[in-house]
Structure formats: structure tokens, C-alpha cells
Amino acid sequence: MVLLVPACVAALFALLPLGYLAVRALERGPAFAWEVVADERTLDLLGRSLGLTAVVVAACVILGVSLAWLTVRTALPGARVWSVAATLPLAVPSYVAAFAWLSAEPDLAGFGGAALALTLVSFPYVLLPVAAALRGIDPAQEEAARSLGHGPLRTFLRVTLPQLRPAAGGGALLVALYVLSDFGAVSLMRYDTFTRAIHTSYRASFDRTPAAALSVVLVVMTVALVAAEARTRGRAGHARTGGGTARPAAPVPLGRWKPLALLWCGAVVAVAVAFPLGTLGYWLTVGSSATWDLGGLTETAWATLGVAAAGAALTTALALPVGVIAARHRGRGARLLEQAAYAGHALPGITVALSLVFFAVRYAYPLYQRLPLLVCAYAVLFLPVAVAATRAAVLQAPPVLEDVARSLGRRPWQVLREVTVPLAAPGVTAGAALTFVVCMKELPATLLLRPTGMDTLATRLWTETGAGSFAAAAPYAAALILLAAVPSYLLGRHRT
């Protein structure tokens, strides 16, 4: 009970944007909202967004599955190095990748450029779960298939691939949600999708109803994707049922395909990692170092660190009661609280920002264009990240220790403070570090809610790139990647 009130506050906090959308979209009546939704322009945006999502998801599945197979199940030279290098694009924000490609080839703007940039930063979302699934598959099933006369390709298609479907489907869903909510890459590439149209509508008119109606369409698309993935996954499961434990699979020799496999891995790492870093290096050293504003860069970096730290602190504080309840209770109420906390995961940053602007203007005007409102937006957007980490950490803590503490007369809040939180602290800290990283990279909500006169590395990069000042943008992009790499490295050490 000691956690119920703060957990309910966190859940209501996360549901605030959905309430805003319902109120604002219907503010001028259902007929006007339907007129916006049924407009030819909306249908065009729907086709553009779905087309971009489909292309990026397909490319990410091809890249992720092929790289996972080569680095996990084959005798690829330097497989461990290739595996680490292929996950590095996660540290590169989509708008940094778009900036790198656009500065090298301005004609790339449009659908092709947006698809390329989003693919190269998103494919690790498929690679990581598929690689984990490959490590867990019992090789005895594949050996049995070969003993029945199936060749390597047929064994992969009929035995291995079906077992990878849940992991690949989950990764593809993450990629699809990322593409639908992306604002930075599509804006820099000047390709209109829902997020860019919502931002333009918000900036171009005092009437927020069209932006809210478009946001509702975007949320419906997101929910439909999540439901479709869950329906496709069904009850798929391929756990080992025999006696004993599964043994690691023997590496598959590549034979004459080895040069081609190395070329494939090298090409992907070159375009996804080496190219953006090399482009930043070029603009830093050759572009025009005279545009460097060291004082402005330092001030912006400190502002980024400060607002990201505040966002991570509030998000972790809200996630703690929800995560503990989700881990220790199995009832319907606990599930509802956890699902409510995940509401922000289905909303793009620009929609959350619009809802908080509406709330501040109507009910808390002193917060408008102030730092606390931006921190609240980070908490709504990234609450699922912290809740998932907290829940996993609490699940690993033996509940019997809490029972012992209660039997010794400790009150519930004392059990929480003296037993549960200390045991879960490493996992909760890792979740806070991950939240800190994603807060640093967040762009659309920061653009709308940042206090007047304040810039973060992300917003300054977006501003300079939008004006075509690639040399001026490069230091901010490099600083963002450098600062994000530190907690990412610490997270990697924590997991190993």
C-alpha cells in the first residue's frame, strides 16, 4: 500500500497525453476532427509514413538477421569484433546519421535519404534479439533435420527461421515504432510524414485541433502495429523439452563464402558507423573550424547534461513504485498500472509535447516554456524504459528476504528502503543511465518545450543543419555522440 499512491500518480502522469488528445481532437466537434482525418493530405501522409516504415523494417530485418547469423552461428573471422561493431549505430541519433549523409550528398534528401538514415541506425533493434535467440536455439533440432536429408538452406528455412520469428518480429516492431515516431531524420531529409506534418501544423497555426487530430491517427497506427505484432506472434514458442541441457552450436564453416561474408559485414559497419564518424571528422577538421564557438558548445553541453540528468532522476523516481508493484504483485490492478505506465511508449515525442503545452497553458501557465515542463515530457516518454529496468531488477531480488524483514517487525516502507531498493539498486541505476542517454538524444519534445534561450546539443545540431551550416553543426553532433558513449560504455560493462 505504501507504493500504491505514488504508482497511481505515475500512471496518471503517463496517461495525461492520451486525455489531451481525446479532449483537443474533439474540441471543435467530431465533424471537424473527421474532416481533418479524412482530408486528402492526411491520406497522403498515411501512405508516406507506412511506405517509409515498410521499407525500413524490411531492410532492418535483412541486415539484422544476416549479421546475427554470421556473427553467432558461423566461423566468421573476428566474429566478436563484428558483433560489437554492428551494435554501435545504436549510439548514433537518427538526425546525426541524416546530417552525415545530407552533408556528403545533398541530393539524397527525400524518401531514399530518410529510409537510408533510419535503416542504418535501426537495424540493431533486430540484430540484438535475433542474436540472443540464435544463442538459445538447441542445435540438436537442426542436426536432426540434416540427418533426415535436408540441406543447410532448407534446414535454416524450415527449422531455424521459424524459431527466430518471435525475436525478429519483436525487433521489427521496435523499428516500426521508431520510424513512425522519428522527427529528426525525416525533417532534415525534408520528407513529410505524420511527425513532420504535426510539427508544421503546430508551428503554423494557433489552432491546435488539426495537430491533435493528426496525432490521434498516429497513435491509432502505433496501437494497430503493436496489436498486429502480438497477433502474429501468438503463442509461438520453441523451448527445449527433452532431458539435459542444450549445448552450444558448432560454428558453421563458410568455405568459399567467407570473403563474401566479410565483405557484407565490412560494408554494413562502414556505412553505418565509419561513414558518419568520418563525416563528422571531416567537417571538424576540414569544413571550417573557424565556426567553432567553444563557449557556446560548452554551455550547450552543460545544459544537455543538466536537463538529461533531471529527466532521468524524475523518470526513475516515478518508475520505482510501478516497477516494484509489477514485480511483486500478479493481480489485475498491478497489470493495469504497468500498462498505463507504458502509454508513453505508444506516443511520439511531438504528441507528448503538444499535450504538455496544452496542460501548461490551461492549468499551469507559469510552467510554460520552463525547464520543469521539459523534464516532465522526458518522464512521460521514457517511463517504460525505467519501469522495465526496475521490474527486472526487483524480480532478481529474492522476495524471501522481504518476508524475513517483515517477520522481524519492519514496516512496509522500511522493507522497501532497507531491503528491496538496495538489492535492486544495480538494475535501477542501469535503467537510470539508459534513460539519461535517451533524454540526451530526444529532439521533437525538446524543440517545443525548451525554455526560451536554452539549447541542447540536439536542438542546436538540428538548427544548424536545417540552415545548411554543416561545419557549425559538426561539433554539436560529435559532442552528443561522445557524451552518450560514456553511459553506454558503462551500461555495457554492467551487463557483462
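Residues are numbered from 1 along each chain as its sequence is written, and side-chain values use heavy atoms, with hydrogens and water left out. Because the model is predicted, local features need pLDDT of at least 70 and side-chain atom pairs count only at pLDDT 80 or more, while totals for chains, interfaces and linings use all residues.

## Helices and their packing

Helices here are DSSP runs (H or I, at least four residues), numbered from the N terminus. Two packed helices are described by the angle between their axes and the distance between the axes. Axes are lines fitted to C-alpha atoms, for helices over the stretch in contact, and the angles run from 0 to 180 degrees between N-to-C directions.

Take helix H3 (residues 40–73) and helix H6 (residues 111–122). Their axes lie 9 Å apart, at an angle of about 40°. H3 and H6 are therefore oblique to each other. Oblique is what remains once angles under 35 degrees (roughly parallel), over 145 (roughly antiparallel) and 65 to 115 (roughly perpendicular) are set aside. H3 passes H6 in a right-handed crossing. In such a crossing the near helix is turned clockwise from the far one by less than a right angle.

A second pair is helix H14 (residues 294–328) and H19. Their axes come within 8 Å and cross at roughly 140°. H14 and H19 are therefore oblique too. The crossing of H14 and H19 is right-handed.

## A covered helix and a buried loop residue

Buried means under 20% relative accessible area, exposed means over 50%, and partly exposed lies in between (1.4 Å probe, protein chains only).

Helix H5 (residues 94–104) is mostly covered. Ten of its eleven residues are buried. Among them are Tyr-95, Phe-99, Trp-101 and Leu-102.

Tyr-191 sits in the loop between helix H10 (184–188) and helix H11 (194–204). Is Tyr-191 buried or exposed? Tyr-191 is buried, because its relative accessibility is 9%. Tyr-191 and Gly-110 are 81 residues apart in sequence, yet 4.9 Å apart in space, C-alpha to C-alpha.

## Salt bridges

A salt bridge is a side-chain nitrogen of Lys or Arg within 4 Å of a carboxyl oxygen of Asp or Glu. The count by this rule is eleven.

| Asp-44 | Arg-41 | 3.3 Å |

Glu-418 is partly exposed, at 36% relative accessibility. Arg-410 is partly exposed, at 39%. Elsewhere, salt bridges that share partners join Arg-41, Asp-44, Arg-48, Asp-192 and Arg-196 into one network.

An α-helix has 3.6 residues a turn, so residues three or four places apart point the same way. Asp-44 and Arg-41 both lie in helix H3, three residues apart, about one turn of the helix. Asp-44 is partly exposed, with a relative accessible area of 35%. Arg-41 is partly exposed as well, at 37%.

Glu-402 and Arg-406 both lie in helix H18, four residues apart, again about one turn. Glu-402 is buried, at 4% relative accessibility. Arg-406 is partly exposed, at 44%.

## Positive phi angles

Most residues other than glycine have a negative phi. Arg-190 has a positive phi, near 55°. Arg-190 lies in the loop between H10 and H11. Arg-190 is exposed, with a relative accessible area of 52%.

Gln-369 also has a positive phi, about 60°, although it is not a glycine. Gln-369 is in the loop between helix H16 (349–363) and helix H17 (371–396). Gln-369 is partly exposed, with a relative accessible area of 22%.

## A nonpolar patch

Patches are made of residues with over 30% relative accessible area and no salt bridge; nonpolar side chains (Val, Leu, Ile, Met, Phe, Trp, Tyr) are joined within 5 Å. Accessible areas come from the Shrake-Rupley method with a 1.4 Å probe.

Val-400, Leu-401, Val-404, Leu-408 and Leu-423 make a nonpolar surface patch of about 440 Å². Which helix gives the largest share? Helix H18 (residues 399–407) does, with three residues. Leu-408 is in the loop between H18 and helix H19 (412–441). Leu-408 is exposed, with a relative accessible area of 64%.

Notes:
Patches are made of residues with over 30% relative accessible area and no salt bridge: like charges are joined within 9 Å, nonpolar side chains (Val, Leu, Ile, Met, Phe, Trp, Tyr) within 5 Å. Helices (H or I, at least four residues) and strands (E, at least two) are DSSP runs, numbered from the N terminus.
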